[in-house]
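Good morning, and thank you for coming.

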Amino acid sequence: MNFQPLGKRVLVKRVEETKTTASGIIIPDNAKEKPLTGKVVAVSKELSELKEGDTILFAKYGGTEVKLDADEYLVLNIDDVLGIVK
């Protein structure tokens, strides 16, 4: 996959969340919300605050979902990025 975001955008791969609760109850896929964290896969040349490999928290309804090489990604505007998870 070769994708370079333009403008002030990043390409993100969602991080899958745990499928069981703390008490051991399994949550079915259709009952879960999509995760709001992800790994930065590519960064536009205009951004210096993020780098590839960063784990970020982003807005619930932000970004555009895209499919590249059979994998699903999210293209986010920098305004939809809430912060870096350390």
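Let me start with a definition: two strands pair if DSSP finds at least two bridges between them. Strands (E, at least two residues) and helices (H or I, at least four) are DSSP runs, numbered from the N terminus. With that in hand, consider strand 4, residues 64-68, which is joined to strand 5 by five bridges, the two running antiparallel.

A word on the source. This is a predicted model, in which local features need pLDDT of at least 70, side-chain atom pairs count only at pLDDT 80 or more, and totals for chains, interfaces and linings use all residues. Residues are numbered from 1 along each chain as its sequence is written, and side-chain values use heavy atoms, with hydrogens and water left out.

Now to the overall arrangement. The protein chain has six strands and zero helices, and along the sequence its pattern reads β-β-β-β-β-β. In what order do the strands stand in the sheet? The order is 4-5-1-2-3-6, in an open sheet of six strands with antiparallel pairing. At the edges stand strand 4 and strand 6 (81-85), each with a single partner strand, so one side of each has no neighbour in the sheet. From one strand to the next, the twist averages 45 degrees; the axes here are lines fitted to C-alpha atoms (for helices, over the stretch in contact), and angles run from 0 to 180 degrees between N-to-C directions.

Strand 1 pairs with strand 2, residues 37-43, in the antiparallel sense over five bridges. Strand 1 also pairs with strand 5, residues 71-77, again antiparallel, over four bridges. Leu 11 illustrates both pairings: Leu 11 stands opposite Ala 42 in strand 2 and opposite Val 75 in strand 5. Moving on, strand 2 is joined to strand 3, residues 55-58, by three bridges, and these two run antiparallel. There, Thr 37 has Leu 57 in strand 3 as its bridge partner.

Asp 69 has 55% relative accessibility, so it counts as exposed. Ala 70 has 65% relative accessibility and therefore also counts as exposed. For the protein chain of 86 residues, 27% count as buried.

My next topic is charge. Side chains of opposite charge can pair when their charged atoms come close. A salt bridge is counted when a side-chain nitrogen of Lys or Arg is within 4 Å of a carboxyl oxygen of Asp or Glu, and by this rule there are two salt bridges. One of them joins the side chains of Glu 65 and Arg 14, at 3.5 Å from N to O. Because Glu 65 lies in strand 4 and Arg 14 in strand 1, the pair ties together parts that are 51 residues apart in sequence. Glu 65 is partly exposed, at 48% relative accessible area, and Arg 14 is partly exposed as well, at 22%.

Another salt bridge joins the side chains of Asp 54 and Lys 51, at 3.1 Å from N to O. Here Asp 54 counts as buried at 11% relative accessibility, whereas Lys 51 is exposed, with a relative accessible area of 53%.

Note on methods:
Buried < 20%, exposed > 50% of the residue type's maximum accessible area, 1.4 Å probe, protein only.
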